[in-house]
Amino acid sequence: MRRRFAPAGPLRGTLRAPGDKSLSHRAALLGAMCADPVRVTGYLDAADTRSTLSAVRALGALVEEGGPGTLTIRGPGLRAAVESAIDVGNAGTLMRLLPGWLAGQPGGAWTLDGDASIRRRPVDRIAAPLARMGARIEARDGRFPPFTVRGAPLQGVEYALPVASAQVKSCVLLAGLVASGTTAVIEPEPSRDHTERLLARAGAHISRDGARVEVTAQDELELGSVHVPGDPSSAAFHVAAAVLVRGSRIVVEDMNANWTRTGFIRIAERMGAIVLGDLEPVRAGEIPAEEPVCELDVAAGPLVGTVVEPEEVPLAIDELPLVALLGCFAEGETVVRGAAELRVKETDRIATVVDGLRGLGADIEATEDGFVVRGDRGLRGGVIASHGDHRLAMLGAVAGLASREGVEVDGIEAAAVSYPGFEADLASLL
């Protein structure tokens, strides 16, 4: 489906971003692992998170849906997942977290598969630590879906992540809940910490000492209730639009302010964006049990280029395409380094973002692990293809509002993977 986004006047108004996708996945999975029913509010209703609900149902959970975003999950518990085939759809988070839970259930076998995009995404980074713990992962060509998880008695290990990844970290920590001894993950850089916070809240024996996170075996988990606040990654598209379109002023309510999720906001502020809000301060070395919430007040303003260093990348990984877009309108160069992870997202996001923005008139080039944008001339406009990538679809829409001639997005329907109401919410601000 093609949709044209014309140059816009000021954006004005208040909105709530949809429920946090990362936290929604984890709330459903941890809810299914709990001994008692778990009530979830604010759950994201999107294609990816629906795949997670389908997965926990296939594993034996009863999921009762109430009002919008409200669920009650009655799971099979930590060690009684039903053997089944799991269709993860387009959900990379589900694909990489779920095997951690299943790997420690001896005698069970679960095959995970998904759409064409998922079949291009490697799983060797979770297979390696799980194999060290005693599990077996049988993957196509040794590293791609479909793959089968064969449960076995697990032994805790110390695993140093080669690349900072919240998904791989979470997979290993979930396996540690059903492994003997202590399981430790060492991060090269901080990454989003929703799994650790939920585990702490559920009563797990989990601790952090600098870059090292440890967990030990649990008899059971108990969450009670979980509220999912608005997703900073989804809100970021409206923030970027308000920053770029002259005269704009918007408010984003009930947004997750977790410091491991607001890297883009800090980068945008450094570039000159006017963004006011009570963001959580850096809490390295801690595992808080709650997710903080804030209100953001955003206004348009002149931008300057910046350099995003590798240690910043894990805390802004999903929003780096928007950094490229801001760079098109900023004075000077904007450089992103250490973001090779973007090449194994729904698409090769370095290639698709660079090609897409260049087609709209950007002066941008790809590097092996990022990109360089020479800004201050904005964007002419044109056509951009989403390639089935939800973030690229929304990037094109925001680019259209800030461009001189408008942008036609080919494949705007991809936005529904994480943000079904994106177009309606954007239109409400115009």
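Here is a short chat about a predicted model of a protein.

Colleague: Hi! How many helices and strands does the protein have?
Modeller: Twelve helices and 25 strands.

Colleague: Nice. What share of the residues counts as buried?
Modeller: 60% of the 430 residues. As for contacts between residues at least 6 apart in sequence, 76% of them join residues at least 24 apart.

Colleague: Let's turn to strand S5. Which strand pairs with S5 over four bridges?
Modeller: That's S4, residues 62-65, and the pairing is antiparallel.

Colleague: What sits between S4 and S5?
Modeller: Five residues, as the two strands form a hairpin. Gly69 lies in the turn and has a positive phi of about 75°.

Colleague: And how many bridges join S3 to S5?
Modeller: Three, with S3 (residues 38-41) and S5 (residues 71-74) running antiparallel. Val40 stands opposite Leu71 in S5.

Colleague: Changing topic: how many cavities of 30 Å³ or more turn up in the whole structure?
Modeller: One, and the volume of the largest cavity is about 30 Å³.

Colleague: Which residues line the largest cavity?
Modeller: Arg125, Tyr159, Leu161, Pro162, Val163, Ser165 and Val168. By type, the lining has five nonpolar residues, one polar and one charged.

Methods. Residues are numbered from 1 along each chain as its sequence is written. This is a predicted model: local features need pLDDT of at least 70, side-chain atom pairs count only at pLDDT 80 or more; totals for chains, interfaces and linings use all residues. Side-chain values use heavy atoms; hydrogens and water are left out. On a 1 Å grid over the protein atoms alone, a cavity is a set of points where a 1.4 Å probe fits but cannot get out, and a pocket is an open set with protein on both sides within 12 Å along at least five of seven lines; lining residues have an atom within 4 Å of a point. Grid points are joined across faces, edges and corners, and a volume is the space filled by probe spheres set on the points. Ala, Val, Leu, Ile, Met, Phe, Trp, Tyr, Cys and Pro count as nonpolar, Asp, Glu, Lys and Arg as charged, and the others, Gly among them, as polar. Two strands pair if DSSP finds at least two bridges between them. Buried means under 20% relative accessible area, exposed over 50%, partly exposed in between (1.4 Å probe, protein chains only). Contact means heavy atoms within 4.5 Å.
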